[in-house]
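The sequence and the model come first, and the description follows.

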Amino acid sequence: MDIQTVFPEIEAIEDDALRSSVAAAWATAAEDNGIDIADLEAVPWFPPAQRELGIADDDVLLVEHVRDVTACAVGLAESLTDRRYVPNIDMDVIVAGALVHDVSKLYEFDGMERTEIGRLLNHPHFGVSVTARADLPVEMAHIVLSHTPRTNVEPATLEAELVRRADEASATAIKANVLTDLRDA
């Protein structure tokens, strides 16, 4: 199994170097953490939230979430482009950014347990290191840092904002499966 099999959305990235770097980010993160590529699909989504919501480690998975965020971000971008509000959205940045937005979770958690990186750096700070090691452009590090309010980095580009909104929508959908009122989250 390879990264393209785990994340088939990677094929939508037209820039060969960017596509290769996204694959390298995930392959390196998996290797660094002793995770076989074939086992990526068994990594939990976000252990602290899963524990808080009573979601089992295998009920919501990271790969599913990343793929959902990617589809949602692409859908938002396509909608805005089709409706002529914003004709210059970089779809390669959308897809690549969405695919790597949570790559740091492989370092932050070992199964459902927080690692030292997760404890000391919290989500998603280590992702900047991962994107740099994979020779991804700074836009990817920005998306990683700005996709969550857990950092003080706000999205500076439309692409980063769309990935952040897609991530929020995916997380909310996960919570909606276990809560009758989302205000309880």
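Helices (H or I, at least four residues) and strands (E, at least two) are taken here as DSSP runs, numbered from the N terminus. This is a predicted model, in which local features need pLDDT of at least 70 and side-chain atom pairs count only at pLDDT 80 or more, while totals for chains, interfaces and linings use all residues. Residues are numbered from 1 along each chain as its sequence is written, and side-chain values use heavy atoms, with hydrogens and water left out.

**Fold**

The protein chain contains 10 helices and 2 strands. Starting at the N terminus, the order of elements is α-α-α-α-α-α-β-β-α-α-α-α. Along the principal axes, the C-alpha atoms occupy a box of roughly 40 × 40 × 30 Å. The radius of gyration (over C-alpha atoms; the globule rule is 2.2 Å times the number of residues to the power 0.38) is 16 Å, in agreement with the value near 16 Å for a compact globule of 185 residues.

Of the 185 residues, 48% are buried, where buried means under 20% relative accessible area, exposed over 50% and partly exposed in between (1.4 Å probe, protein chains only). Counting as contacts heavy atoms within 4.5 Å, residues 24 or more positions apart make up 61% of the contacts with a separation of 6 or more.

**Salt bridges**

A salt bridge is a side-chain nitrogen of Lys or Arg within 4 Å of a carboxyl oxygen of Asp or Glu. The structure has 9 of them.

| Pair | Closest N to O |
|---|---|
| R67 and E9 | 2.6 Å |
| K105 and D102 | 3.0 Å |

R67 pairs with E9. R67 is partly exposed at 33% relative accessibility, whereas E9 is buried at 19%.

In the pair of K105 and D102, K105 is buried at 5% relative accessibility, and D102 is buried at 0%.

A network of salt bridges links E154, R164 and E168.
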